[in-house]
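Have the structure open as you read.

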Amino acid sequence: MNDIFELIDKLSSKHSLSLEEYEKLILAKNDETTEYLKRKAVETRKNIYGNSVFIRGLIEISNICKNDCYYCGIRGSNKSCDRYRLNIEEIIECCKEGYSLGFRTLVLQGGEDGYFRDEMLVDLIRKIKAECPDCAVTLSLGERSKESYQRLYDASADRYLLRHETATKEHYQKLHPDNLSFENRMECLKNLKDIGFQTGCGFMVGSPFQTVSDIARDLKFIEEFRPDMCGIGPFIPHKDTPFANHPAGSAELTCCLLSIIRLIKPNILLPATTALGTINADGRENGIKSGANVIMPNLSPQSVRNKYMLYDNKLSDGNESAQNLENLKIKMRSIGYEVVTDRGDIIK
Ligand code: 5AD
């Protein structure tokens, strides 16, 4: 047991462990070591970001997707998914509303919808920057060519989120059909970083077939790739997918991994995700208390909110909605954190 505390100390000073050590840290955890890990993570975050919690306004621009990832509710072959796509005017309206609510980061997320070609996105990004000049624009639109990413960056998009999903090739292949490759995923992430985007990766906790050594590799990948952001949340089954009968991932393990990731990269922007808030009523507060420092409330139009169903019962109103910002602020204040109106860039 003592050696677990030593591992935690080593991680907080060296920001690196071996694969075997990461595995051990996860396997041998108990209430005491988790408490210690959390304390270290919160302290580390506080040294850099104080008690600020950054907010991002999330706009789900389309649930049309050409991919068929086995875990995802908006996978192309799901005939029961009620498809929608926001038009440019609707997206700008969401951005303006977010701006007036105090958001200074706007996240455009969507399935891989071929409708959003480069020219259209370039035009959209320029319009958003004209309407909301001091806002950061984050894109989360999946795999694209390097040239495409470059055009989006040149149009002044600031950040890009592309979860790596798993850092183990064999595991990647169990989660995705043959036309999606681990190599291309990793290539996309490298391209995004080389171009200069603040880049985010991430993975699901408890995804089907995931082993502890897969998680250790995810942590090693984060250590080596040095992302600016990292989105992790529990896997939650969706009834119309091949993984409908697989169990959900655990909120506790997700929180423990948030703490570990905070120690791996002290300045990382780490969201307490909607998935974490979905499997557990206090999920997002617990995420923040474990070392996360970002929350991404939903700014999508009410009429489409319940259509971006990546997994069953995804929260779509209540505290994760952008319009309930006051509630969120009160909740955060009650656990000692302050929601700030700020772009919330990474502090280097
Ligand atoms: N459970 C949890 N997270 C999911 N995602 C997709 N489907 C699920 C699910 N069933 C995550 C993936 C994807 C992100 C947009 O949402 O990690 O990258």
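Sort the lining of the largest pocket by class and you get three nonpolar, five polar and five charged residues; here Ala, Val, Leu, Ile, Met, Phe, Trp, Tyr, Cys and Pro count as nonpolar, Asp, Glu, Lys and Arg as charged, and the others, Gly among them, as polar. Bear in mind that this is a predicted model, where local features need pLDDT of at least 70 and side-chain atom pairs count only at pLDDT 80 or more, while totals for chains, interfaces and linings use all residues. Residues are numbered from 1 along each chain as its sequence is written, and side-chain values use heavy atoms, with hydrogens and water left out.

A pocket, by the way, is an open set of points on a 1 Å grid over the protein atoms alone, where a 1.4 Å probe fits and protein lies on both sides within 12 Å along at least five of seven lines; lining residues have an atom within 4 Å of a point. The largest one has a volume of about 240 Å³, taken as the space filled by probe spheres set on points joined across faces, edges and corners. Of its 13 lining residues, Thr34, Lys38, Ala251, Glu252 and Cys255 lie nearest the centre. Helix H3 (31-49), helix H10 (251-264) and helix H12 (283-289) each give two or more residues to this lining; helices here are DSSP runs (H or I, at least four residues), numbered from the N terminus.

The second largest pocket holds about 180 Å³ of space. Its lining has two nonpolar, two polar and eight charged residues, including Lys66, Glu112, Asp113, Arg117 and Arg144.

Now for the ligand. As for polar contacts (pairs of N or O atoms within 3.5 Å), a ligand oxygen sits 2.5 Å from a side-chain N or O atom of glutamate 165, and a ligand oxygen is 2.9 Å from one in the side chain of arginine 163. With isoleucine 236, a polar backbone atom is 2.7 Å from a nitrogen of the ligand.

Finally, is serine 321 buried or exposed? Serine 321 counts as buried because its relative accessible area is 4%, and buried means under 20% (1.4 Å probe, protein chains only), with exposed over 50% and partly exposed in between. You'll find serine 321 in the loop between helix H13 (302-305) and helix H14 (325-334).

Note on methods. Polar contact = N/O pair within 3.5 Å; in protein donor to acceptor, adjacent residues only side chain to side chain.
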